[in-house]
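Here is a friendly walk through a two-chain model, meant to be read with the viewer open. Please load the coordinates and follow along.

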Amino acid sequence: MAKTLDVQRERIHPYKFTMWVAIGSIIMMFAGLTSAYIVKRSQAGWVMIDIPPVFWFSTVVILASSATIQMAVRASRQRDMPHYRQWMVVTAILGTLFILLQVKGFMDLRAEDIRLVGAGSNASHSFLLAIAGLHGLHVLGGVTALLIIAWRVVRSRTRTYSSVPAEVVSTYWHFVDVLWIYLILFFNWMR
Amino acid sequence: MSTEITQQAHAATIQTDVHGHHEGDHGHHHEESFISKYVFSQDHKMIAKQFLITGMIWGIIGGLFSVLFRLQLGYPDMSFPFLEDMFGKWAAGGRISNEFYYSLVTMHGTILVFFVLTAGLSGTFANFLIPLQVGARDMASPFLNMLSYWFFFLASCIMFASLFLQTGPASGGWTIYPPLSALGQASEGSKLGMDFWLISMAMFIVSSLLGGLNYITTILNMRTKGMSMTRMPLTIWAIFFTAVLGVLSFPVLLSGAILLLFDRNLGTSFYLSEIVVKGEILPNEGGSAILFQHLFWFLGHPEVYIILMPALGMVSEILSVNSRKPIFGYLAMVGSLFAIAILAFLVWAHHMFVTGLNPFLGAFFVLLTLLIAVPSAIKVFNWLTTIWRGNLRFTPAMLFAIGFVSLFISGGLTGIFLGNSTLDIHLHDTYFVVAHFHIVMGVASMFGMFAGVYHWYPKMYGRYMNNTLAYIHFWVSLAGAYLIFWPMHYFGLAGMPRRYTDWSNWQSFNMFTDANRVISTVAMVVFAVQLLFIFNFFYSIWKGRKVTTQNPWGANTLEWTAPIRPGHGNWPGEIPEVHRWAYDYGKDGREFVSQVEPVSDSESKH
C-alpha cells in the first residue's frame with residue numbers, strides 16, 4: 001500500500017514523459033534519413049560532400065546554448081524568475097544564431113558552385129540540405145517554445161513557480177544539441 | 001488516511017498543472033459553451049466521437065469509390081450515363097476513364113487505410129477507452145489531444161479538396177511509388193493532386209504522432225491506484241502497442257515523403273535516375289526508386305498492425321465479456337501482441353521480394369514473416385478457448401467479434417502463402433494479394449471497429465443501437481465479405497493482375513467475367529448495408545432505447561463504474577481504486593466481479 005503511494009509520488013511528470021516519447025519519435029525520423037543516406041552512399045554516382053567550415057562554429061554555438069539553458073533551469077528551480085527569463089532569452093538568441101550560421105553554411109556551398117537542388121545537383125548535397133534543414137526546423141521550434149515560455153513568465157497574471165516547462169524545454173534543447181553533434185560527426189565520417 | 005490525502009493533493013496538482021492554460025480549474029459543473037463542448041472540445045470522449053464521425057464520413061466516401069470502380073470491373077461492356085452526369089470528362093460516355101479508375105483506387109486505399117482504419121479506429125477507441133479503462137480524468141494533455149483531432153481534420157480537408165482539382169487527386173496507388181509519383185509530366189494524378197496528397201499526409205502524421213504521444217503517456221503515467229500493467233484490460237494493451245508502433249514508424253514515412261517533396265518540387269535526385277518521359281530526357285541522375293520503397297514499407301508494414309491491433313484488443317475484451325468467461329491466457333495475449341509489435345518492424349521487405357531484392361536477404365524476411373504466424377495462432381487459439389463452452393450472448397458486438405476471428409483466420413492463412421518469396425513471385429500483384437489484405441486487414445479491422453461501436457455505444461451516447469438492424473448489418477456484411485473476396489483468390493492463382501481497368505480483351509481471364517459481375521453486385525449490397533449501419537448509428541443517438549443501468553453488459557472494466565453519461569472528468573468524486581484484473585467472470589459462482597471490488601480473504605491475489 002505505502003509502496004504504491006511512493007511509486008505514485010516518484011512518477012515522472014506526464015509532460016516530461018511525453019517529451020521523451022516525442023524525442024524517440026524524432027530519433028526515428030533522423031534514423032530513417034541517415035540510413036537512407038547510407039544506402040544511397042553505397043550506390044554509384046555518389047559525390048563526396050563538402051561540409052562548410054561554418055558548421056563547426058554553429059556546433060560551438062549550440063553547445064554553448066545547452067549550457068545557458070541549464071542555467072535557466074537552475075534559476076527556475078531556485079525561483080529566481082528574472083535570471084530564469086534572462087537565460088531563456090539568451091538561449092533563444094543563441095538558437096537563432098545557430099540557424100543563421102547554418103543558412104550561411106549553405107550559402108557558402110552555393111558560392112563554391114555546389115548545387116544543392118535542381119538540375120546538376122547530386123543526392124549527397126541534397127541530403128545534407130534536407131537533413132540539416134530539418135534539424136534547423138527542430139531548433140526553430142525550440143526557439144519558439146523558449147520565447148513563448150519566457151513571455152509567459154512576464155505576462156502571466158498568476159505567478160507560477162513550476163519548473164516543469166523549463167525542464168521539458170531544456171530536455172528538448174539538449175536533445176537537438178546532441179542530435180546536431182551526431183549529425184555533424186555522421187557527415188564528417190560518412191562523406 | 002493522511003497519505004491518501006497527500007496523494008489526492010498530488011493528483012490535483014497534476015490536474016491543475018496539466019490544465020493550467022484554462023481559466024482556473026476545469027470544474028465539473030460549470031456551463032460549457034457549444035463551441036467548447038462540441039467543437040474545440042478537450043474532453044477525450046467528445047474527441048473520440050469527433051474521430052468516429054469523421055471516420056464514418058470518410059468511410060462512406062471511400063466505400064462509394066470502391067462501388068464506382070466495381071461498376072467498371074463487373075460491367076465492362078455497359079455504359080452508365082449517370083456517371084457522365086456526375087463526373088463529366090472523368091466518365092465520358094458513361095464509362096470510367098483509365099485516369100479516373102486509378103484515382104478512385106488510390107483514394108479508396110488512402111482513405112480506408114489512413115483516414116478510416118487508422119484515425120477512425122484507433123483515434124476513436126484510444127481516445128474513448130484509455131482514460132475510462134485505466135481510471136484517469138482525461139488524457140495526459142487534453143490540449144495536444146484536441147490538436148491531434150484538428151490536425152486530422154485539416155488533413156481531411158486537404159485530401160477532400162484534392163478530389164476537386166482539375167487534374168484530379170493522386171492516382172499512383174496508395175503507396176505512391178516514385179518515379180511515377182515524382183514526375184508531374186508522367187500522369188495527371190502526379191500533378192497538383194500528389195502535392196495535396198503529400199501535404200495532407202504530413203498533417204495526418206502530425207495528428208497521429210500527437211495522439212500517440214498522449215496515448216502512451218496516459219497509459220504509462222495516469223493509471224488509477226491499483227491498476228498495475230498486468231491488470232489492464234487487453235484493449236489498453238493493444239492500443240498501447242499500436243501507439244508505440246505509430247510513434248516509431250510514422251516519422252520514417254514523413255522522412256520518405258519529405259524527400260519525395262524535394263524531388264517533386266526542387267529538382268533533387270533522391271529517387272530519380274536516368275528517366276525518359278514522353279521523349280524528354282530528364283537531368284536527374286543517381287537516384288534510387290527502391291530507396292523510397294524501403295522508407296515507405298518501414299512504415300507501411302507496421303501500419304497494417306496499427307490498423308489491426310486495436311481490433312485484436314477490443315475483440316479479446318468483447319469475447320470475454322459476452323462469453324461470461326475469463327480471457328484464456330491473458331499473459332500469452334499480451335506477449336503475442338508484443339511479439340507482433342516487434343516483428344512488425346522486421347518484415348517490411350516482404351513487400352519487395354520482386355524488386356530485385358537479394359534472395360539471400362529475402363530468406364531472412366521470409367523467416368521473420370512466417371514467424372508472425374506464431375503469435376497470431378496463439379491469439380486465435382486463446383479466442384477459441386475463451387468462447388469454448390461459455391454462456392455466449394449473441395449481442396451484435398459479440399457477432400462482429402466472432403466474425404472478426406473467422407476473417408482473421410481466413411486472411412491470415414493466405415498470408416503464409418504470400419510470405420514465401422518463391423510463391424510471391426507468382427502471386428505478387430495479382431488478385432490473390434488483393435483478397436489477402438482486404439480480408440485480414442480491411443474487413444477484419446472493420447469488423448473489430450463495428451464490434452467496438454456496438455459494444456461501447458451505450459457508454460458513448462447513453463442509448464442502445466437497434467438490434468434488428470445490427471443483425472442485418474452483421475449477416476449481410478459477413479456473407480458479403482466472403483462472397484466478394486473468396487473468388488479473388490482463384491483469380492490471383494490463375495495469374496490475373498491487379499490495377500487493370502478492363503480485362504475483356506484478355507482471353508485467359510474471360511472465364512471470370514461472371515464471377516466479377518457477382519462480386520460487383522454483392523459489393524453494392526454490402527455498401528447499402530453499411531449505410532443502414534450509419535442510419536442506425538445516428539438514429540439511435542436521439543431515438544435509441546435508453547440505457548437504464550450503469551453496467552448494461554455486466555462487464556468488469558472501469559468505464560462501467562462511471563455514470564451512464566459521464567461528464568468531463570469521468571467520475572464524480574474520487575476515481576475508483578482497482579483491486580483485481582479485468583477478467584473475473586464466472587468466479588466463485590458469481591457471474592462477474594468488477595475490478596473495483598476488493599479481493600476477499602477466500603480468494604488468491606491477482
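## Chain B as a whole

In chain B, 80% of the contacts with a separation of 6 or more are between residues 24 or more positions apart; two residues are in contact if their C-beta atoms, placed from the backbone, lie within 7 Å. This is a predicted model, in which local features need pLDDT of at least 70 and side-chain atom pairs count only at pLDDT 80 or more, while totals for chains, interfaces and linings use all residues. Residues are numbered from 1 along each chain as its sequence is written, and chains are lettered from A and ligands numbered from 1 in the order in which they are written.

The secondary structure of chain B consists of 17 helices and four strands. Helices (H or I, at least four residues) and strands (E, at least two) are DSSP runs, numbered from the N terminus. Along the principal axes, the C-alpha atoms of chain B fill a box of roughly 80 × 55 × 55 Å. The radius of gyration of chain B is 25 Å, which agrees with the value near 25 Å for a compact globule of 606 residues; this radius is taken over C-alpha atoms, and the globule rule is 2.2 Å times the number of residues to the power 0.38. Of those 606 residues, 52% count as buried. A residue is buried if 20 or more other C-beta atoms lie within 10 Å of its own, exposed if 12 or fewer, and partly exposed in between, with C-beta atoms placed from the backbone.

## A helix pair in chain B

Helix 6 (residues 142–162) and helix 7 (residues 192–221) of chain B pack at about 165°, with their axes 8 Å apart. Axes are lines fitted to C-alpha atoms, for helices over the stretch in contact, and angles run from 0 to 180 degrees between N-to-C directions. Helix 6 and helix 7 of chain B are therefore roughly antiparallel, the term for angles over 145 degrees. The residues of this contact comprise 17 nonpolar, eight polar and no charged. Here Ala, Val, Leu, Ile, Met, Phe, Trp, Tyr, Cys and Pro count as nonpolar, Asp, Glu, Lys and Arg as charged, and the others, Gly among them, as polar.

The loop between helix 6 and helix 7 of chain B holds P179(B), and the peptide bond from P178(B) to P179(B) is cis, with omega near 5°.

## Residues to click on

Y102(B) sits in helix 5 (residues 98–134) of chain B and counts as buried, with 24 C-beta neighbours inside 10 Å. Beyond its neighbours within four places in sequence, Y102(B) is in contact with S171(B) and G189(B).

E274(B), in the loop between helix 8 (234–265) and strand 1 (276–277) of chain B, has a positive phi near 45° without being a glycine. With 13 C-beta neighbours inside 10 Å, E274(B) counts as partly exposed.

Chain A has six helices and zero strands, and 37% of its 191 residues count as buried. Its C-alpha atoms fill a box of roughly 65 × 40 × 25 Å along the principal axes. D113(A), another residue with positive phi that is not a glycine, has a value of about 65°.

Between the chains, 37 residues of chain A are in contact with 38 residues of chain B. Helix 2 of chain A gives the most to the side of chain A that touches chain B, with 16 residues. By class, that side has 20 nonpolar, 14 polar and three charged residues.

Conventions: Angles under 35 degrees count as roughly parallel, over 145 as roughly antiparallel, 65 to 115 as roughly perpendicular and the rest as oblique.
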